[in-house]
Amino acid sequence: MTLGGVSATAVLTLRARADEHRRPDGWFQDPVAAAWSEALPWPAALERWYTPFAQVKTALRAHQIDRMVQALLTNNPRAVVVELGAGFSTRVRRLGCGSEVTWLELDLPEVMAARAALPEGAGPARLLSCSVLDRAWLEEVPDEPGAQVILLAEGLLYYLPEAEVQAFLTELRGRFPGAALIFDVIGASDFGRSQAISRRAGAPILWAVRPPFEAAQAALGLELIPGLEPQRILDETVAGFGARYGPLLGFGLTQGARIGWFRDRRSGLMAGRLSPPP
Ligand SMILES: C[S@@+](CC[C@H](N)C(=O)[O-])C[C@H]1O[C@@H](n2cnc3c(N)ncnc32)[C@H](O)[C@@H]1O
C-alpha cells in the first residue's frame, strides 16, 4: 500500500537516511533504512520534494538528533525514549541501545501497519499505533525509577495545528517535568517555501515559530540543557553543511548565521528540558 498525505513524508525521510547510508562519506550507517526504503513503494507526490538538498538536510537532522540522544545517554544510560511521529525510524538500531533503554515509537495506524509488514519492523522498539494528539498513549509510557525520559519529535510538530501543539506541550510539561524534548521547527525565513512544497505533496506544513528563535524556544517552556544550547546546535548544523558542501559554502553559512535577522528566523532543532507548567 502506498502511503499518502502526511504519512507519506515518513517515506521521504526514510529515503534520505537510506541514501546517506549508501554514501561512502555518510554521517551514519543504516542498512535497515536502506532495506526498508527499497521495500516500500515511493509516493509519486514526493518526487519534487526529494531534492539532493532535502536529502542532506534530513540526514543531517537525523545525525544531530542521534548525537544529542547519545549525549543524554552518556549522562544517564537508563532512559525511556519515546519517538513521536516515528515513521520508519531506525534510530534505536543506529544507536545500538541496550537493555537499559526502553524505546517506544508512535505513529498513525497506517504507518504502523506498513511498518509491521517490513522485515524486523518493530525491532527492539515497542510500537504505539495512534495519533500523538490522542492522549491515551501517555499511559503507555512506563514509569521507570532512575530512568530519564527523552521525547523526540523529528519532522512532526509543524504538520499539526499550532494551537494543538501548544496545548500538547503544556500537557507534556505537566506529565513529564524535567524530561528532555528534542524536535525541529520551521522558521519564518523558510515558511513560505516549505508551505508551498509541502502543500503540493498533500502534507501541508501549518505553522512556523515566531522570531526570535531563542525566545520561541523559551516560550515553549524549554529550559536549556548544557551542551545542547541553541548556539551549539546551530554551529553543528552549519559545520555539517560546510563539511558536505565545501569550505566556501561553509564560510558563507557561518557568516549568515551571525546575521541577527537570519538567526532569529531560522529553521532548526530545539532541545530542552520541560519545565513544569505555570
Ligand atoms: C516527516 S515524517 C517524520 C518521520 C520520522 N520522525 C523521521 O524523521 O523519519 C512525519 C511523521 O509524522 C507522522 N504524523 C503526522 N501526524 C501525526 C499524528 N497526529 N500522530 C502521530 N504521528 C503523526 C506521520 O505519519 C509521519 O510518519
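**Second pocket**

I started with the second largest pocket, which holds about 170 Å³ of space in this predicted model. For the record, a pocket here is an open set of points on a 1 Å grid over the protein atoms alone, where a 1.4 Å probe fits, with protein on both sides within 12 Å along at least five of seven lines. Grid points are joined across faces, edges and corners, and the volume is the space filled by probe spheres set on the points.

I sorted the lining into 8 nonpolar, 2 polar and 3 charged residues. In that sorting Ala, Val, Leu, Ile, Met, Phe, Trp, Tyr, Cys and Pro are nonpolar, Asp, Glu, Lys and Arg are charged, and the others, Gly among them, are polar.

**Ground rules I noted**

Residues are numbered from 1 along each chain as its sequence is written, and side-chain values use heavy atoms, with hydrogens and water left out. As the model is predicted, local features need pLDDT of at least 70 and side-chain atom pairs count only at pLDDT 80 or more, while totals for chains, interfaces and linings use all residues.

**Ligand**

Helices (H or I, at least four residues) and strands (E, at least two) are DSSP runs, numbered from the N terminus.

I went through some N/O distances. A polar side-chain atom of Thr13 sits 2.7 Å from a ligand oxygen, and a side-chain N or O atom of Asp107 is 2.6 Å from a ligand oxygen. For Val132, a backbone N or O atom lies 2.8 Å from a ligand nitrogen. The protein covers 96% of the 590 Å² of accessible area (Shrake-Rupley, 1.4 Å probe) that the ligand has on its own.

**Salt bridges and a cis bond**

I got 23 salt bridges, each a side-chain nitrogen of Lys or Arg within 4 Å of a carboxyl oxygen of Asp or Glu. One of them is Arg15 with Asp19, closest N and O atoms 3.9 Å apart. Both lie in H1, 4 residues apart, about one turn of the helix.

Last, I noted that a cis peptide bond joins Pro211 and Pro212, with omega about -5 degrees. Pro212 lies in the loop between helix H7 (188–200) and helix H8 (213–219).

Note on methods: On a 1 Å grid over the protein atoms alone, a cavity is a set of points where a 1.4 Å probe fits but cannot get out, and a pocket is an open set with protein on both sides within 12 Å along at least five of seven lines; lining residues have an atom within 4 Å of a point. A polar contact is a pair of N or O atoms within 3.5 Å; within protein, one must be able to donate a hydrogen and the other to accept it, and residues adjacent in sequence count only if both atoms are side-chain atoms.
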